[in-house]
Amino acid sequence: MDIFKDIIVPVIGGLGIFMLGLEFMSNGIQALAVNRMRSVLGRVAGTPIKGLAAGTLITGVIQSSTAMTVMVVGLVNAGVMGLRPAISVIMGANIGTTLTNTLIALPLGLYGLLVAGFAALVYVFAKKDSVRNVALALMGFALIFYGLSMMTGGLKPLRNIPEVMDVISTLNADTYGGILRCVVTAALITAMIHSSSATIGIVMGLGASGVLDWQTALAFSLGADLGTTITSFIASLNLSKNAKRAAYAHISFNFIGVAVMLPLFPLACQLLVYFIGDPGAPSTAPNGEVTYPLVPIAVGVYSTVFNIFNTALLFPFIGMFERVLSRVGASAVDDIEDYSQPKFLDPRHDGALSTGLPAVQAETGRYLQAASRFIDIARGAKDAPDDVEEHAAAMDILNREIRRYTSAMFRPDLGYGRSDLLASLIEEEDFTASLGETLHQIARRVKREPFSAAGREIVDAMLARVEAAMAPLLAAREDAGRSAALGAGEAFLLAMREKALRATTDIEWSERGAILALLGSAERALFLIDRIDAERRSVTRASPDETPKAEPAPIGGVASAHP
């Protein structure tokens with residue numbers, strides 16, 4: 001037997017193809033549906049029952065409990081979802097992900113390569129993104145089976161190597177201590193590779209080839225459920241207390257379920273034999289190879305039943321989970337707001353002008369608050385966001401969500417006055433986005449340039465002037481004399497420019513160039529602040545009921561107060 005050709009190549013190659021298939025399937029499905037699923041989740045998961053159903057169905061669609069759990073942690077962090085429905089969604093996600101385990105247990109084998117070939121051709125030659133995403137998901141689905149078939153074939157020769165079987169025999173689920181060792185081993189493997197489906201796929205291959213007995217394979221599937229909780233924990237590390245609590249709910253839910261199942265493991269094995277037959281019964285192929293085709297089926301069924309049982313057992317105690325977890329969490333210093341998640345844009349009221357207008361105004365104010373954090377970053381404040389680029393990316397997502405939500409409020413029967421108000425809001429959102437980009441540029445330049453004491457004095461004065469100009473916008477005040485304030489700001493910047501140019505001995509020319517560029521960005525920021533204020537004044541930000549349905553004036557007249 002050639003160990004390299006008969007074992008190493010098919011096992012490593014099959015494992016790589018299997019995990020690539022999981023990735024392709026997940027990416028393809030999520031590209032098609034994840035944004036819609038996220039919107040649906042925020043809209044419907046208002047109660048534990050609805051959260052459980054939403055978590056099960058959406059995870060079944062996107063085929064990733066990890067992505068689902070991380071999504072839930074983000075929604076909780078933004079305040080869109082409460083802790084109680086979040087716990088129920090996570091319970092549902094554990095059920096939904098078992099669909100993957102059931103699918104990979106199907107004995108399709110080499111047919112997967114044929115299907116993957118057809119899907120790959122569609123993916124290469126298709127022009128529409130939606131068709132390409134479907135082909136990518138189908139290609140991933142097919143590669144899962146082909147990779148698993150390759151792994152199973154490569155693992156079979158291990159039965160004939162006494163040294164390997166001696167090591168594996170130490171992982172045997174014939175005693176409670178052995179079950180616990182199997183669970184811990186699988187949990188560690190899953191935590192390292194961040195995929196319970198990959199761990200279960202490997203276990204199915206080992207079981208189908210006869211390297212692992214079927215009881216041990218079942219114990220490994222329990223451990224995979226424990227190990228998958230590490231991802232949600234990592235995702236919550238820099239988020240709010242409630243986001244951390246949602247991750248802790250995922251961890252405690254799975255740990256309690258495994259703890260309850262351990263003493264019931266022998267009974268569960270007997271019930272499995274009663275319903276599907278003996279998974280340890282061998283099957284001999286025409287070429288004389290012996291396999292155990294019922295082991296993957298047994299693992300898939302056991303994983304599904306375990307998660308349904310665990311949910312049924314703990315669902316009535318969601319209230320208790322919430323009360324206990326509410327006392328647990330990080331310190332206030334870790335309560336960093338996630339600006340990528342809208343906080344005031346309620347998906348349930350998407351398109352309603354009466355509730356949408358104040359929501360958009362509040363969210364736009366929140367965007368400006370996020371933009372002001374760039375000034376804190378430039379100053380090196382202790383509570384400022386650590387990563388300037390990550391903060392900018394989060395703000396970009398928030399701005400797109402605000403624009404989408406505002407555009408959804410347009411209706412044919414709104415009347416000219418209300419349509420003009422919405423158009424003005426969109427223009428204001430564009431100015432705030434430009435202001436955010438300008439402040440991002442200022443923060444990035446300040447962070448990468450070392451300044452002397454004299455240069456730092458000019459930079460700090462410039463930051464203070466921009467911050468003072470933003471204060472009325474953040475407070476939503478309608479201060480008079482904004483144009484005069486802009487003129488005063490320009491005069492101040494000109495004075496700072498002259499000071500930088502005259503400091504021939506205190507400031508190097510390279511540093512002077514950076515300061516002049518910063519002053520130019522500050523001038524742009526002051527202009528945008530003034531433009532935002534002017535836009536707010538151009539159309540009255542009244543409630544929809546008070547907004548007149550004015551029609552456009554005749555040619556030569558004034559159609560709107562908005563310029």
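A helix here is a DSSP run of type H or I with at least four residues, and helices are numbered from the N terminus. In this sense glycine 436 belongs to helix 18. The model is a predicted one, and the points below describe selected parts of it.

**Helix 16**

- Helix 16 has 27 residues, which at 1.5 Å a residue should span 39 Å; the C-alpha atoms at its ends are 39 Å apart, in agreement with that value.
- This helix is mostly covered, since 19 of its 27 residues are buried.
- Glycine 380 follows helix 16 and has a positive phi, near 75°.

**Helix 19**

- Helix 19 covers residues 453-475, and its 23 residues should span 33 Å at 1.5 Å a residue; its end C-alpha atoms lie 32 Å apart, which agrees.
- At alanine 469, helix 19 bends by about 30°. A proline, proline 472, follows within four residues of that position.
- The buried residues of helix 19 include Gly455, Ile458, Val459, Met462 and Leu463.

**The largest nonpolar core**

- The largest nonpolar core contains 60 residues. Those with the most contacts inside this core are Phe374, Leu435, Leu439, Val459, Met462 and Ile515.
- At least two residues of this core come from each of helix 16 (353-379), helix 17 (388-407), helix 18 (416-448), helix 19, helix 20 (482-502) and helix 21 (509-538).
- Helix 16 gives the largest share of this core, 12 residues.

- Is glycine 436 buried or exposed? Its relative accessibility is 3%, so glycine 436 counts as buried, because buried means under 20% relative accessible area.
- Glycine 436 and leucine 528 are 92 residues apart along the chain, and their C-alpha atoms are separated by 9.7 Å.
- Leucine 52 is located in helix 2 (residues 48-62). With a relative accessibility of 18%, leucine 52 counts as buried.
- From C-alpha to C-alpha, leucine 52 and alanine 86 are 8.8 Å apart in space, while they are 34 residues apart in sequence.

**A nonpolar patch on the surface**

- Leu264, Leu267, Leu271, Tyr274, Phe275, Phe309 and Leu313 make up a nonpolar patch on the surface. Together these residues have about 720 Å² of accessible area.
- Helix 13 (241-276) and helix 14 (294-314) each contribute at least two residues to the nonpolar patch. The largest share, five residues, belongs to helix 13.
- Leucine 313, one of the patch residues, is placed in helix 14. Its relative accessibility of 31% makes leucine 313 partly exposed.

**Salt bridges**

- Side chains of opposite charge can pair when their charged atoms come close. The count for this model comes to 14 salt bridges.
- Arginine 84 and glutamate 322 form a salt bridge through their side chains, at 2.9 Å from N to O. Arginine 84 lies in helix 4 (residues 83-96) and glutamate 322 in helix 15 (residues 318-325), so this pair ties together parts that are 238 residues apart in sequence.
- Arginine 84 is partly exposed, with a relative accessible area of 33%. Glutamate 322 is also partly exposed, with a relative accessible area of 21%.
- Glutamate 401 and arginine 404 meet in a salt bridge at 3.6 Å, N to O. Where do these two residues stand in helix 17? Glutamate 401 and arginine 404 are three residues apart in this helix, and so about one helical turn separates them.
- Glutamate 401 counts as partly exposed at 27% relative accessibility, and arginine 404 is partly exposed with a relative accessible area of 40%.
- A salt bridge joins arginine 536 with glutamate 428, whose closest N and O atoms are 3.0 Å apart. Arginine 536 is in helix 21 and glutamate 428 in helix 18, so the pair ties together parts that are 108 residues apart in sequence.
- Glutamate 428 is buried, with a relative accessible area of 5%.

Terms used:
Residues numbered from 1 in each chain as written. Predicted model: local features only at pLDDT ≥ 70, side-chain atom pairs only at ≥ 80, totals over all residues. Heavy atoms only, no water. Expected span 1.5 Å × (residues − 1). Bend = angle between axes of the 7 residues up to and from the residue. Buried < 20%, exposed > 50% of the residue type's maximum accessible area, 1.4 Å probe, protein only. Patch = residues over 30% accessible without salt bridge, like charges linked within 9 Å, V, L, I, M, F, W, Y side chains within 5 Å. Areas by Shrake-Rupley, 256 points an atom, 1.4 Å probe, with all protein chains shown as cover. Salt bridge = Lys/Arg side-chain N within 4 Å of Asp/Glu carboxyl O. Core = buried A, V, L, I, M, F, W, Y, C linked by side-chain atoms within 4.5 Å.
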